[in-house]
Amino acid sequence: MIDQRMVDRRWLQAAIDMSRLCPATVTAYAVGAIVVDRDGTELARGYSRETGPFLHAEQQALAKLDGIPPDLSGATMYSSLEPCTTRGSFHRTCTELIVEARIRRVVVAMREPPVFADCVGIELLGKAGIEVTVLPEFAGQVKAINAAVIATAPGARAPSTG
Ligand SMILES: [Zn+2]
């Protein structure tokens, strides 16, 4: 019998490892995303800004499936961070793209910190009938990789003593 938690942990770690490849910036998160089919076959992977400056990891991974739409009804999207629901550029949000792709499950390490927007990806995915699993034991790695971005949040600085 397959231990789903073990499988999830392995793929989420791979997604986090990939997020280290992202070109550095303090204006967007470094995220890695991998789409895995129900039988454990990797379908696509991507990371933030892989092929362009404003591109998100989930979007990059799904774009690789474009043109050959597989049946994703059994697939899981592993993303190091909660899929976005607000984008400053003209792109669709990753949550919209995941819903449209009819992916079955999404596994993330943590919610998007409230630096750029109040993300409601987990809520919107759930409303769309997509199962969401958070593995908080991986959040420390994601925070460390994105420390420079998270530090730009208004509430992130140490309180002034003045
Ligand atoms: Zn996104």
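Select Arg49 to begin: does Arg49 count as buried or exposed? With a relative accessibility of 10%, Arg49 counts as buried, because buried means under 20% relative accessible area, exposed means over 50%, and partly exposed is in between, with a 1.4 Å probe and protein chains only. Before going on, please note that this is a predicted model, in which local features need pLDDT of at least 70 and side-chain atom pairs count only at pLDDT 80 or more, while totals for chains, interfaces and linings use all residues. Residues are numbered from 1 along each chain as its sequence is written, and side-chain values use heavy atoms, with hydrogens and water left out.

Stay with Arg49, which sits in the loop between β2 and α2; here helices (H or I, at least four residues) and strands (E, at least two) are DSSP runs, numbered from the N terminus. The phi angle of Arg49 is near 65 degrees, which is a positive value in a residue other than glycine. Now select Arg102, in the loop between α3 and β4 (105-108), where phi is near 60 degrees, again a positive value in a residue other than glycine. Arg102 counts as exposed, because its relative accessibility is 66%.

Next, select the zinc ion together with His56, Cys84 and Cys94, which coordinate the zinc ion through ND1, SG and SG respectively, at 2.0 to 2.3 Å. Donors are N, O and S atoms within 2.8 Å of the metal (3.2 Å for Na, K and Ca), and water is not among the atoms, so sites may look incomplete. Along the sequence, the spacing of these donor residues is H-x27-C-x9-C. His56, in the loop between β2 (42-47) and α2 (57-63), and Cys94, in helix α3 (residues 94-100), are 38 residues apart, so that the pair links distant parts of the chain. His56 counts as partly exposed because its relative accessibility is 24%, whereas Cys94, at 0%, counts as buried. If you leave out residues up to four places away in sequence, Cys94 touches His56, Glu58, Gln59, Pro83, Cys84 and Arg87, where contact means heavy atoms within 4.5 Å.

Move on to the strands by selecting β1 (residues 32-36), in which 5 of 5 residues are buried. Gly32, Ile34 and Val36 point one way from β1, while Ala33 and Val35 point the other way. Strand β1 runs antiparallel to β2, with 5 bridges joining them, and two strands pair if DSSP finds at least two bridges between them. Across this pairing, Val36 stands opposite Glu42 in β2. In the hairpin of β1 and β2, which has 5 residues between the strands, look for Gly40, with a positive phi near 90 degrees. Strand β1 is also joined by 4 bridges to β3 (residues 76-79), and these two run antiparallel; the bridge partner of Val35 in β3 is Met77.

For the last stop, select Ala75 in the loop between α2 and β3. Which residues does Ala75 touch, not counting residues up to four places away in sequence? They are Val35, Val36, Asp37, Arg38, Leu43, Ile103, Arg104 and Arg105. Ala75 counts as buried, because its relative accessibility is 0%.
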